[in-house]
Amino acid sequence: MMQGKQLKELQAQLMNSEKKQSARIQSLTQKYEALDQGTLQVLKRDADNLLPLLSRAVLCLGNANRNIDRLRTRLDRLEERTGNMERQFNSFVFRSARQSAVESLAAEQRYLTNLQRSYVTAGSLSPMESSDNTGRCVDVFLWRIDGVQSWLADAATKKDQCHYCPAVYTTDRYCVSGQLSSYEQASARGFLGVYIAVWKGQYDEQIRWPMNKMISLCLIDQNDPAKRAGGMFASEEKPGFQKPQNRVNSGWGFSKFLALNDLSNPEIVQNDSLHITIKLEDPSPGSGASERHY
């Protein structure tokens, strides 16, 4: 009887324990379900907040990609334009260099043409007449003085008389000619004076006065034409380069251009001929060049 009673008590305790355990499991299940439901709500809320941010991020990324594409297109266009500009610049440089070379060649050809067509002989040397070549327009001319000994003999009997070569017009229409005279010092040492003279011309009312040029008078070594001796001066402030009031102005140049004794030198005089170049150039800006010999 006691054993049956104890068995029943143990069974009752086991049932109570199972009920408590079941109640406890049910309570825990409810708590976990409530916790899962809250977690889901939090996740849903966070997802709802994150979705607009993610959408904006995706949109910004798309815009960035489009901006990159536009920048790449602009860069391609810029490279194309740069290539075109480089080609245009190279073409311009080539054209400029070619044009400069053509102009230099043309200037050199004009110089040579002027030099070649400007031979002036002393056959028409005259104390006053100077009109034979006024149809020419040159800035550089070679004065070939023939009959030097005859001229010296004539100059010895007619002291202080000036002789002129035929006049020419410069390219800017000044009428000029070379001028010769003999000069004798007190020591009886004689010199040949070489000058440039400005004549009254048909364009005097249209051109600018005083004449502003750098003028070179050079003696040529006939054995070596590259060797020259002479001098250079600026004309602007010299009295001989004002507008002529009479037929010809007083010449301006070098009274001691060459010792008369040197006229026996075969390097200077050959075949009784003396060669002198007369060159007129525009002065360089700010040169301030004064008279000098070389």
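1. In which sense do S7 and strand S11 (residues 273-281) pair, and over how many bridges? The structure discussed here is a predicted model. In this model the two strands, S7 and S11, run in the antiparallel sense, and their pairing extends over six bridges. Within this pairing, Ser-216 has Lys-279 of S11 standing opposite.

2. Strand S7 also has a partner in strand S8 (residues 228-234). The sense is antiparallel here as well, with seven bridges between S7 and S8. The residue of S8 that stands opposite Ile-215 is Phe-233.

3. The burial of S7 deserves a separate remark. Strand S7 covers residues 214-220, and seven of its seven residues are buried, so the strand is largely enclosed by the rest of the structure. In a regular strand, side chains alternate between the two faces of the sheet. In S7, one direction is taken by Met-214, Ser-216, Cys-218 and Ile-220. The other direction is taken by Ile-215, Leu-217 and Leu-219, and the residues of both groups are buried.

4. The loop between strand S6 (190-199) and S7 contains Pro-210. The peptide bond that joins Trp-209 to Pro-210 is cis, with omega at about -5 degrees.

5. When neighbours within four places in sequence are left aside, the contacts of Ser-181 are Trp-151, Gln-161, Cys-162, Phe-191, Leu-192, Gly-193 and Tyr-195.

6. Arg-173 is located in the loop between strand S4 (168-169) and S5. Its phi is near 75 degrees, which is a positive value in a residue other than glycine. With a relative accessible area of 29%, Arg-173 is partly exposed.

7. Asn-271 likewise calls for comment on its backbone. Its phi is near 55 degrees, again a positive value in a residue other than glycine. The residue is found in the loop between strand S10 (269-270) and S11. Asn-271 has a relative accessibility of 77%; the threshold for an exposed residue is over 50%, and therefore Asn-271 counts as exposed.

Terms used. Residues numbered from 1 in each chain as written. Predicted model: local features only at pLDDT ≥ 70, side-chain atom pairs only at ≥ 80, totals over all residues. Heavy atoms only, no water. Contact = heavy atoms within 4.5 Å. Buried < 20%, exposed > 50% of the residue type's maximum accessible area, 1.4 Å probe, protein only. Helix = DSSP H or I, 4+ residues; strand = E, 2+ residues; numbered from the N terminus. Pairing = 2+ DSSP bridges.
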